[in-house]
Amino acid sequence: MSKWIISLILIFIFSVEINNNQFIAPSKPTLAFSNIELDKLKLVADFKIFVPYSSIHRYKIEIKEPYPFNPAQSVSEVRLHFFDKSGKTYLYGIEEHKAVNYKINRVITTIDVRTQKSSTRTVVEDFKFSERGEKININGFEGRFEPWVNHVPGGYLRWVNNDTFIEIDSGELTKEEMISLARSMKCFNQRETIAQ
């Protein structure tokens, strides 16, 4: 009986880890040295894109997802990475997609401890907002904050703004800085182009 319980625990751990890692995009992203790339991205996204109000001036931004970015194709998910002015230190990332009618691919790995065999399968399912973590008010929207398990600054802060799911992750910013950043976010689709 205990081997069966251990097997279930391992399956759960691997499923969660693989599911969390599925958002890691390939390397060689598009560097958004100007707002031209962000302006193109907002035109083909099937949701509204939000960006921190002052970050475009202070940080180097890279479009990590979609990769490769093709302005002729519709975009259903965006991941932006923000670096310090040198472009060498990763400060935080923002992932966004539709909150409703959005499908995710969840990879499930099953490990049989007895036979030492594993199998992996992908399940397509509707996106569901996770209600884990501490409740945070972000401009009238209910958000959730989860700290890193190893007690470094930051963690994950996620919320839904109208129909857009937004998640910020950082190991550099404190919880308070992440909340302040989230509250500064504006819909890029409705903003005027920001001069660099």
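Welcome! Select N70 to begin: with a relative accessible area of 32%, this residue is partly exposed (buried means under 20% relative accessible area, exposed over 50%, partly exposed in between, with a 1.4 Å probe and protein chains only). You are looking at a predicted model, where local features need pLDDT of at least 70, side-chain atom pairs count only at pLDDT 80 or more, and totals for chains, interfaces and linings use all residues. Residues are numbered from 1 along each chain as its sequence is written, and side-chain values use heavy atoms, with hydrogens and water left out.

**Around N70.** Colour β3 (60-65) and β4 (77-83), and you will find N70 in the loop between them.

**The whole chain.** Zoom out to see four helices and twelve strands; these are DSSP runs (helices H or I, at least four residues; strands E, at least two), numbered from the N terminus. Of the 196 residues in the protein chain, 40% are buried. Take the contacts (heavy atoms within 4.5 Å) between residues at least 6 apart in sequence: 54% of them join residues at least 24 apart.

Next, select residues 134-138 and 141-147, which are strands β8 and β9, paired in the antiparallel sense over five bridges (two strands pair if DSSP finds at least two bridges between them). Pick out N137, and look across to E142 in β9, its bridge partner. Two residues separate the strands of this hairpin, and N139 in the turn has a positive phi of about 55 degrees.

**Aromatic pairs.** Rings of Phe, Tyr and Trp (its six-membered ring) pair if their centres lie within 6.5 Å; planes under 30 degrees apart count as stacked, over 60 as edge-to-face and the rest as tilted. The count comes to three aromatic pairs. Select F83 and Y90 for one of them: this pair is edge-to-face, at 5.8 Å centre to centre and 70 degrees between the planes. Is F83 buried or exposed? At 14% relative accessibility, F83 counts as buried, while Y90 is partly exposed at 27%.

Finish at W148 and Y156, whose ring centres are 4.9 Å apart; their planes stand at 55 degrees, so this pair is tilted. W148 is partly exposed, with a relative accessible area of 25%, and Y156 is partly exposed too, at 29%.
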